[in-house]
Amino acid sequence: MKQPVPWRLLFAHLRRSWFRTTLTAAGVALAIFLLVLLQTVITELQSGVKYAGRSRLITTSAVSLFVNLPEKLHQGIEGVPGVVAVTHWTWFGGVYIDDKNMFARFAVDPPTMRRVYGDLSAKKEIVLSTPEWEAFESDRRGCIVGAALARQFGFKVGDRIPLKGNIWPGDYEFTVCGVYSRGSPQIDESTMFFHWKYLDETVGRRSVVSIFVAELDPEFDAGRITNEIDALFESSENRTRTQTEAAFNQSFVSMWGNVPALLGMIGGAVLFAAFMIALNTMLLNARDRRSETGVLKALGYPDRAIFLLNVSEGIVVCTIGGAAGAFAGWFIFNHIGVDALGRFFPSFIITDETFAFAVGTSVIVGLVAGIVPAVILARIRVIDALSRFG
Amino acid sequence: MLIQVRGVVKSYVKGSETVLVLDGVDLDVDAGEWVSLMGPSGSGKTTLLNLIGGLDVPDSGSICVNDDEMVGRTNAELAAWRSRNVGYIFQLYNLLPVLDAFQNVEMPLLLTNLSRKERREHVMTALDLVGLSDRIDHYPAQLSGGQNQRVAIARAIVADPAFLLADEPTGDLDRKSAEDVLNLLQDLHTRFKKAIVMVTHDPHCAERADRLVHLEKGVIVADT
């Protein structure tokens, strides 16, 4: 004796109550869309930590990130055993035509940057062709821009970019030598990099930088090297604070305070709303199907089949809604793009993990929402169910 | 003996009150026999029908079908037994409104090991017997009351059950449709020797049966 689930009833019910089904799926779709959005914001906030290099150290002033260090410390750091390359970044600020044109600008040392991040490194986190790297290195007034930034302002190789300094006073003009893309999620594609030497000459050779980045030999103990670097400058007027890249990036995430937790709570509330929508629909369905359930039982369908039929309806409706919401998010953010978000999160991308999380969550919402009415119908006595018929 | 009911007692709790519906009922139904259960409302005839069909369980007593005891079986066992042995015909047809006539009639066969082709043959035979082979894709809402009841009869007989249970099968029909349904039941009874236990209020309807059993206040008062 077979004990199949009458699946034809599942699809017949969905078709018959299509308006209710559509509204419920749309409610779940909206909730999952918002969940995808919030989850991606959290992922973006934490991506710098997640993808940070494990064998890379950041050295800043022990006083504050906003206090510069002498460029000459470069040699000292490079001399520590286990350090294979050192480069430095200097926050520039400045204005491009108008104050509202905000994007990050850093003065860097192109040859060492290439060794740490570029085509001469193992990780190749900044993707730029060799001719573009060489052009950048050789042109003291050259710069490279990220692909997102190039799209935003229409920059292309050969263009001139004027900047007015504020932290570093002066009028600057750069030639675009290349447009880079990222080889790692932690690289921001909306940043501009230019020669530190050009900056240094313009401001009268102050010879200071914001941070040093030290690439380590993975064989060496990063903790020991951290201590050795800071020990080098312990007694000088330029005391340093060295930490791993992950810890450094985490300090930026910490600046957001409890924002990720808050977003998580909002996501949970949205999810709960979706669950209530689905549960309400499933309970209404259960009320409508009480008599039909009596007929099915009278015909010989077992309680297990009744349970599976009804719990499956919740899963199907929520999964369709959830997949639609996740797909809408993926399509809008990954293919169309949203300018408002792009200013805060230049690489706002729905990851495969987030997509799978959203669809998986909608399956669970459907399962949980479907269980209660399914149990009610599976346990109802045949004569009680039939007594309501008509 | 097809059905043997012995000393069946059944009561229901209504609020704080316990209502005794059947009080030690004995009933035998032979294979191929058509029995009508009559009696006033609340006499226990539908309850007895439900107990015979395994839709409910008695407080005490014994119900044997083909020498198999029904009392004491689990819900799952009773469900499996119903699907093999019982064909139900309800007063309000109880067709599934989201399925067409063919699909409604096919529902009991989904519990069997028949192939799709075999199921189709069985369904078409049953619908042909009730004269509705040209309405297979009609939904219940598109059929008249008499046609719906005939679809319900087709569903009841499609799996070739041991007996049919009919609870006021003509109660919701006009005189002409009621007569058609009774003729159909008579035909099934005569041609296929199906045992039928039928609850009815209508003496004209009850006359079609081989036997008339009269219940009052939960006991059989006449068996003719």
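Across the interface of chain A and chain B, the rule finds 2 salt bridges, a salt bridge being a side-chain nitrogen of Lys or Arg within 4 Å of a carboxyl oxygen of Asp or Glu. One of the salt bridges joins R8(A) to E106(B), with the closest N and O atoms 2.6 Å apart. This is a predicted model, in which local features need pLDDT of at least 70 and side-chain atom pairs count only at pLDDT 80 or more, while totals for chains, interfaces and linings use all residues. Residues are numbered from 1 along each chain as its sequence is written, chains are lettered from A and ligands numbered from 1 in the order in which they are written, and side-chain values use heavy atoms, with hydrogens and water left out.

**The interface of chains A and B**

- The count of residue pairs in polar contact between chain A and chain B is 5, both residues being at pLDDT 80 or more; a polar contact is a pair of N or O atoms within 3.5 Å, where within protein one must be able to donate a hydrogen and the other to accept it, and residues adjacent in sequence count only if both atoms are side-chain atoms.
- On the side of chain A that touches chain B, α1 (7-16), α10 and α14 of chain A each supply at least two residues, and the largest share, 6 residues, comes from α10(A).
- The residues of that side of chain A divide into 15 nonpolar, 4 polar and 7 charged, where Ala, Val, Leu, Ile, Met, Phe, Trp, Tyr, Cys and Pro count as nonpolar, Asp, Glu, Lys and Arg as charged, and the others, Gly among them, as polar.
- In contact terms, 26 residues of chain A meet 28 residues of chain B, contact meaning heavy atoms within 4.5 Å.
- The two chains bury about 2600 Å² between them, 64% of it on carbon and sulfur atoms; buried area is the accessible area (1.4 Å probe) that two parts lose on being put together, summed over both.

**Helix α2 of chain B**

- Helix α2 of chain B spans residues 75-85, and its buried residues are L78(B), A79(B), A80(B), W81(B), R82(B), S83(B) and N85(B); buried means under 20% relative accessible area, exposed over 50%, and partly exposed in between (1.4 Å probe, protein chains only).
- These buried residues pack against α10 (259-299) and α14 (382-386) of chain A, and also against α1 (45-52), β4 (60-65), β6 (86-89) and β7 (163-167) of chain B.
- Helices (H or I, at least four residues) and strands (E, at least two) are DSSP runs, numbered from the N terminus.

**Domains of chain A**

- Chain A is divided into domain 1 (7-49 + 258-386) and domain 2 (63-238), with bounds that come from an automatic or database domain assignment.
- The C-alpha centres of these two domains of chain A lie 47 Å apart.

**Residues in helix α11 of chain A**

- F327(A) is found in helix α11 (residues 303-336) of chain A and counts as partly exposed because its relative accessibility is 46%.
- N310(A) also lies in helix α11 of chain A, but N310(A) counts as buried because its relative accessibility is 8%.
- A polar atom of the side chain of N310(A) lies 2.8 Å from the backbone oxygen of I306(A).
- Leaving aside neighbours within four places in sequence, N310(A) is in contact with M282(A), G370(A), A374(A) and L377(A).

**T87(A) in strand β3**

- T87(A), in strand β3 (residues 83-91) of chain A, is buried, with a relative accessible area of 0%.
- The side chains of T87(A) and T112(A) are joined by a polar contact of 2.9 Å, and the side chain of T87(A) reaches the backbone nitrogen of M113(A) at 3.3 Å.
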